[in-house]
Amino acid sequence: MSETIISADLVEKHNAERQADLRRDYETLGERLDRRGISIDDIRDKMAAFHVAIPSWGMGTGGTRFARFPGDGEPRDIFDKIEDCAVIQQLTRATPTVSLHIPWDKADPKRLKQAASRFGLGFDAMNSNTFADAKDQALSYRYGSLSHADVDTRKQAVEHNLECIEIGRTLGSRALTVWIGDGSNFPGQVNFAKAFERYLDSMREIYSQLPADWRLFTEHKMYEPAFYSTVVQDWGTNYIIAQELGPKAFCLVDLGHHAPNVNIEMIVSRLIQFKKLGGFHFNDSKYGDDDLDAGSIDPYRLFLVFNELVDAELNKVEGFNPAHMLDQSHNVTDPIESLMLSAVEVLRAYGAALLVDREALAGYQDDNDALLATQTLKVAFRTDIEPILAMARLQAGGAIDPIAAYRASGYRKKVAGERPAVASGGGGIV
Ligand SMILES: [Mn+2]
């Protein structure tokens with residue numbers, strides 16, 4: 001039995017007060033779905049099996065280019081972060097794994113593994129960091145890392161990635177995610193082709209050391225921190241990388257890393273079709289890489305992404321196994337609350353996409369009935385599946401209303417007394 005941080009009695013009392021209403025709501029929704037030929041229990045079971053990883057770097061309060069306003073009781077190190085992750089998992093039952101960022105989370109891997117398994121948590125993809133200089137680092141990444149003009153700097157960046165793999169092996173991780181900040185701020189500063197060739201050479205070295213059962217995820221991003229050109233700027237370049245490296249290399253789609261209004265669901269479809277979709281960093285954005293809470297700005301877009309994923313799942317596309325991770329920065333909310341709600345929002349998009357009448361949709365598409373085709377998606381999106389989300393949580397031992405249970409627990413106040421404020425909890429934007 002794994003330990004729980006929030007008292008089990010508190011969660012039980014919380015659920016007891018809400019259970020009768022939930023059962024009625026679930027039954028009513030079940031009848032409505034039944035009329036559409038959908039079994040509510042089947043949807044609930046699929047949703048219960050869906051998980052999304054928590055980013056360790058999202059546990060501290062984030063910041064902007066201007067300032068960071070630390071929150072109360074912020075985690076001081078990775079061990080505090082693991083405890084906060086355990087709270088999220090205990091109440092939502094949707095987040096059994098943690099994604100680590102090295103060197104921010106560097107610690108004895110055996111101790112890390114012990115700390116996580118105490119709460120029944122595992123580790124998701126490892127994330128390397130060559131977009132900032134680590135303390136006491138020999139060579140700077142100011143002018144790039146894996147694509148740097150200097151061979152020794154590239155070598156240092158490759159070795160850092162290999163170290164991340166090594167740590168991950170002890171932890172039971174099975175993937176490495178690489179995002180670099182390499183690029184340029186001025187036209188002419190960098191030779192595009194040479195920089196990309198150097199990047200590919202570095203990645204080939206990392207790929208050659210990847211364990212047989214691991215996957216390598218590369219993340220594209222249009223701009224920032226480089227503001228004129230970025231070495232891995234879009235999904236096209238990302239697809240080329242995955243093709244060049246080999247069968248264990250896949251593209252990772254961070255929803256915030258595209259130009260505004262880009263049709264991300266279509267990029268997702270293309271990557272699925274050509275078997276190079278590795279996974280996601282879920283978040284939301286209004287203007288740029290805002291790293292806002294998943295589904296907070298455009299929940300319909302999140303649904304449309306999941307519409308493609310469910311389509312692939314139902315069509316049993318060979319090798320389709322995307323990794324789901326949150327990647328957010330929380331500047332004005334309690335990170336635990338934001339991450340709980342975001343995990344639920346991702347799950348909601350998945351559940352709603354499961355409700356799409358795909359046979360009817362295919363028929364409308366064949367008949368060029370644009371209006372009813374799009375309405376078919378809307379019917380699924382508009383269905384309030386809150387009772388299914390809550391029921392799946394309840395049956396897995398979570399809380400019917402995770403935010404209410406968390407606030408009632410007084411957890412943040414308690415840790416605020418134990419954790420003095422620190423300058424930086426490693427909250428960042430990636
Ligand atoms: Mn990301």
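Which residue in E9 is the bridge partner of Leu 252? I looked it up, and Leu 252 bridges to Gly 279.

**Ground rules.** I'm working on a predicted model, so I noted the limits: local features need pLDDT of at least 70, side-chain atom pairs count only at pLDDT 80 or more, and totals for chains, interfaces and linings use all residues. Residues are numbered from 1 along each chain as its sequence is written. Helices (H or I, at least four residues) and strands (E, at least two) are DSSP runs, numbered from the N terminus.

**The sheet.** I started with the strand order. Eight strands make an open sheet in the order E1-E2-E3-E4-E6-E8-E9-E10, and the pairing is parallel. Strand E1 (54-55) and E10 are the edge strands, each pairing on one side only. For me two strands pair if DSSP finds at least two bridges between them. As a reminder to myself, strands of a sheet pair through backbone hydrogen bonds, either parallel or antiparallel.

Strand E8 (residues 249-254) is joined to E9 by four bridges, in the parallel sense. Next I checked E9 (residues 277-282) against E10, and found four bridges and a parallel run there. Phe 282 has Leu 326 in E10 as its bridge partner. From E9 the chain goes through helix H9 (residues 299-314) to E10, and this β-α-β crossover is right-handed (with the strands pointing away from the viewer, the path from the first strand over the helix to the second runs clockwise).

**Strand E10, buried or exposed?** I looked at residues 323-326, and both faces are covered. Ala 323 and Met 325 are buried on one side, His 324 and Leu 326 on the other. My cut-off for buried is 20 or more other C-beta atoms within 10 Å of a residue's own; exposed is 12 or fewer, partly exposed is in between, and the C-beta atoms are placed from the backbone. In a regular strand the side chains alternate between the two faces of the sheet.

**Helices on the sheet.** Helix H8 (residues 264-273) lies across E8 and E9, at about 170° to E8. Helix H10 (residues 335-354) lies across E1, E9 and E10, and runs at about 145° to E10. These angles run from 0 to 180 degrees between N-to-C directions, and the axes are lines fitted to C-alpha atoms, for helices over the stretch in contact.

**Helix pairs.** Helix H6 (residues 192-208) packs on helix H7 (residues 235-245) at about 50°, with the axes 10 Å apart. That makes H6 oblique to H7 (under 35 degrees counts as roughly parallel, over 145 as roughly antiparallel, 65 to 115 as roughly perpendicular, and the rest as oblique). Leu 200, Met 203, Arg 204 and Tyr 207 in H6 meet Ile 241, Glu 244 and Leu 245 in H7. I call two residues in contact if their C-beta atoms, placed from the backbone, lie within 7 Å.

The axes of H3 and helix H14 (residues 402-409) come within 9 Å and cross at roughly 130°, so H3 and H14 are oblique to each other. This crossing of H3 and H14 is right-handed. On the H3 side I noted Val 87, Leu 91 and Thr 92, which meet Pro 402, Ala 405 and Tyr 406 in H14.

**Helix H13.** How many of the ten residues of H13 are buried? I get seven, which leaves H13 (residues 386-395) mostly covered. Among the buried ones are Pro 387, Met 391 and Arg 393. The buried residues pack against helix H1 (8-35), helix H2 (40-48), helix H3 (78-92) and H10. Gly 397 follows H13 and has a positive phi, near 95°.

I found a cis peptide bond between Ile 102 and Pro 103, with omega about 15°. Pro 103 sits in the loop between strand E2 (97-102) and helix H4 (109-118). Glu 224 to Pro 225 is also cis, with omega near 5°, and Pro 225 is in the loop between strand E6 (215-219) and strand E7 (229-230).

Asn 261 is not a glycine, yet its phi is positive, about 70°. I placed Asn 261 in the loop between E8 and H8, and it is exposed, with 7 other C-beta atoms within 10 Å.

Terms used: A crossing is left-handed if the near helix is turned anticlockwise from the far one by less than a right angle, and right-handed if clockwise.
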